[in-house]
Amino acid sequence: MDPAARLAQSQKVGAKLATVFSKRMQVANEKFAKRMSEAAVGAGSPAGMAALMDPLGWYNYAVDAAQRSILFWDTLRQRGNNYLENTAQGLKPVLHFESETILDGRTFERPVNYALLRITPPAGVTIDARRRPYIIIDPRAGHGPGIGGFKDDSQVGVALRAGHPVYFVIFFRDPQPGQTLLDVCTAEQAFVKKVRALHPESAKPALIGNCQGGWAAMMLAASDPEDTGPIVINGAPMSYWGGAWSEGEGDNPMRYAGGMLGGSWLASLMADLSNGKFDGAHLVQNFENLNPANSLWDKYYHLFNKADTEPPRFLEFERWWGGYYLMNREEIEWITRNLFVGNKLWKGEVKGPSGEVFDLREIKSPIILFASMGDNITPPQQAFNWVADVYGSTAEIKARGQVIVGLLHEDIGHLGIFVSGKVAKKEHAQIVTVLETIERLPPGLYGMAITETEGKGGKVEYEVEFRERRLEDVVAQLNRFQRADEKAFEAAAQVSDFNQSNYERFAQPFVQALSNEQMAETMRTLHPLRVQNWAVSQFNPWLAWLAPAAEATKANRQALDEKHPLRKAESVNAEVFSATLDHYRAVRDAMTEAGFFGTYANIASSPDVEAQAVQAAGADARDTPIVRDALASIEHGGYVEALARVAFLLTRQGEPLPLSRLELRQELVAEYADYLPSMSPHDWRRVRGEQEIIARYEPDRAVDTLPRLLEEHADRERLVTLLDKLMNDRRVQSMAPNAAQTEMLGRIRKVLAIKAGTVRRRPAAA
């Protein structure tokens, strides 16, 4: 780019940044003002003013506040004691369910700190070993495993109650020497094969991946597609550069962290300082920094405010949140260079255990993507954009026989996707139901909607339906700027590679020479997140009085009603402080965003976004290789291709597909199996997708050329007999075929020259 063009680009970037930053600040100020106004409502009420003049009220409040303070600090003391106990035991998984170890990766030829557990069903729950087994993979992102089975209402719980065998992939605190993520992938392949061997009569196991466990599940499925069943990835960051960059709508600061820190070299430095092991507490600290209001104030004030009832829930969650796991330097470098900063997984630039690249198009099983609009760690763009990068078009998804289902929550946060009991009972429970029949969905991209209804006796029930979407429309909806902002991330990746190379060449040898295990252990012990645990525990002799004081407080509790004016005033002040911290976060994130793009957008080459959009809108999908190849084969094929084409031609067009109708298809497939080809669900979907492309782009020729696919009279008779049986089936009749379906059926009969009722009934060939 010549200097004049570079200067013009810089001016354009600066103007855009100024506009976005101004809008960000306006939105931040409006939200802050709104919260302050809402907090002030009732603060100056007559009752509140009278309470300020009541000495007895102040006395009662002082006693209550003092007692709550003692209970608050005693809860933190218990948290610290739990931390010390868990650390001494090596940090156990926080699984709520009993389990047994099936495979221990530490004994493998290439040992890894992973193991496969089989969940033991609780009393009163019966599982069927012939049903599809579930394998749940938790994220290894600083914390320990078990969050997917943290409570009864969890991913583990809903799958067990549905009668499925459940297996859980856990990991231990310390990685094995020399362990890499490719070794982990190999171990997880062994886990899947073991589960298949334990359930030879079952369908292929479903993989459930949470957060970073999502991309681990995708890598596993891509490297071993023959052994894996449907995949569910929850809040999984697949496209790390994705996010919202619009005027006041959406801010995803986590995606800027790598660029603002200069890339991957800092992770390497921290691992080298810790004698070759990266401390997961650094990752947890990043999560806490995202929401300072919650990390520094809200969760603690909530504990203080509810000191009589909140401690059990607080301690249960902190047992998981306060356990910090380690990674080898090779592992964190692989993650940062290939995923966090490099974003290389979807590009096919990352090699698997066999030496072949991970090609996500090799995955043959349906994929469910669960994301939330309220997730600022993994925004929907990061969960969905990879689909466009890998497949390119709706036609390619269909031609490859793939089914991808998107489920979008409106407001739940990142952790709520895995932890929330409400989400488990609604979304995850319905996902379990959907996985029973998802392989019968025609190939394509779908949106999954869950509607709450009232059943018998007022019991809450859910209805699920699928609405087919165009990939191009989804990408445009999620990315208002045609992803032009991701050009800056390309520049950040280049700077990261430069910094990483310089660190390895000039600094790493000295750092590694200075580090040792004692130094590493000291650094880990003095990490702020660990200090806040052990400093307030039995380890601190100055707090020996706290436990007896808490017991005495509980025995003589004098609680003040939460509706008391002074308690309300306390809550108002707490809300003001929380709003102030949220405002600080909004300003910080806006400045971070402006700093990132101000630095890297000027380095990156700037495409003409508007020209690209016009060109994309004017492009004819018929000219793409996928569509051209499909149309070229319009007269080629046999019974399978004809059946797949007819199946699409007789499908209700433009209507949502209720789960109940999909379940009916499953029943019909089983009943009329003699008339259907014997092939795998993926192979059928691949043929079905190709025939759908033909029928969409050449609907008349698709019907007229059916005789070319059914030149054998026996094949025509077999197909028409199947159509007769289906049309006479009461279950099909109950769905009342519409006029378009009836007309199409008549056209198909006419072109095949076989009238209804004239076909001899005989069993079809297998």
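Visitor: Where is leucine 657 placed, and what makes this residue count as buried?
Guide: The place of leucine 657 is in strand E13, where helices (H or I, at least four residues) and strands (E, at least two) are DSSP runs, numbered from the N terminus. Buried means under 20% relative accessible area, while exposed means over 50% and partly exposed lies in between (1.4 Å probe, protein chains only). Leucine 657 has a relative accessible area of 8%, so it is called buried. This is a predicted model, in which local features need pLDDT of at least 70 and side-chain atom pairs count only at pLDDT 80 or more, whereas totals for chains, interfaces and linings use all residues. Residues are numbered from 1 along each chain as its sequence is written, and side-chain values use heavy atoms, with hydrogens and water left out.

Visitor: Which residues is leucine 657 in contact with, leaving aside its neighbours within four places in sequence?
Guide: Contact means heavy atoms within 4.5 Å, and on that basis leucine 657 touches Leu441, Val464, Glu465, Phe466, Leu662 and Arg665.

Visitor: How do you know that E12 and E13 pair?
Guide: Two strands pair if DSSP finds at least two bridges between them, and E12 and E13 have 2 bridges, in the antiparallel sense. In one of these strands, E13, proline 658 is the bridge partner of glutamate 465. E12 (residues 460-469) is also joined to strand E11 (residues 444-454) by 10 bridges, again running antiparallel, with threonine 453 standing opposite glutamate 461 in E12. E11 and E12 form a hairpin with 5 residues between them, and glycine 457 in the turn has a positive phi of about 70°.

Visitor: Why are E1 and E13 said to stand at the edges?
Guide: The open sheet is formed by 11 strands in the order E1-E2-E4-E3-E5-E6-E9-E10-E11-E12-E13, with mixed pairing. E1 and strand E13 (657-658) each have a single partner strand, so one side of each is left without a neighbour in the sheet.

Visitor: What makes strand E2 largely enclosed by the rest of the structure?
Guide: Of the 6 residues of strand E2 (residues 114-119), 5 are buried, so the strand is largely enclosed by the rest of the structure. E2 pairs with strand E1 (residues 99-104) in the antiparallel sense over 5 bridges, and 5 bridges also join E2 to strand E4 (residues 166-171), running antiparallel. Arginine 118 in E2 is the bridge partner of glutamate 100, and arginine 118 also stands opposite tyrosine 167 in E4.

Visitor: Which strand runs parallel to strand E3 and is joined to it by 4 bridges?
Guide: Strand E3 (residues 134-137) is joined in this way to strand E5 (residues 206-210), and the bridge partner of isoleucine 137 in E5 is glycine 209.

Visitor: Why is alanine 388 called buried?
Guide: Alanine 388, found in helix H13 (residues 380-391), has a relative accessible area of 18%, so it falls under the limit and is called buried. Leaving aside its neighbours within four places in sequence, alanine 388 is in contact with Leu471, Val475 and Arg483.

Visitor: What makes a group of residues a nonpolar core, and how many residues has the largest one here?
Guide: A nonpolar core is a set of buried Ala, Val, Leu, Ile, Met, Phe, Trp, Tyr and Cys residues joined through side-chain atoms within 4.5 Å. The largest such core has 78 residues, and those with the most contacts inside it are Trp215, Met218, Ile231 and Trp386. Its largest share, 8 residues, comes from helix H6 (residues 212-223). A second, separate core of 57 residues includes Leu117, Val232, Ile412 and Leu529.

Visitor: Which element gives the most to the lining of the largest cavity?
Guide: A cavity is a set of points, on a 1 Å grid over the protein atoms alone, where a 1.4 Å probe fits but cannot get out, and lining residues have an atom within 4 Å of a point. The largest cavity has a volume of about 160 Å³, a volume being the space filled by probe spheres set on the points, which are joined across faces, edges and corners. Of the 16 residues that line it, the closest to its centre are Tyr114, Leu181, Val184, Trp215 and Ala216. H6 gives the most to this lining, with 5 residues.

Technical notes
On a 1 Å grid over the protein atoms alone, a cavity is a set of points where a 1.4 Å probe fits but cannot get out, and a pocket is an open set with protein on both sides within 12 Å along at least five of seven lines; lining residues have an atom within 4 Å of a point.
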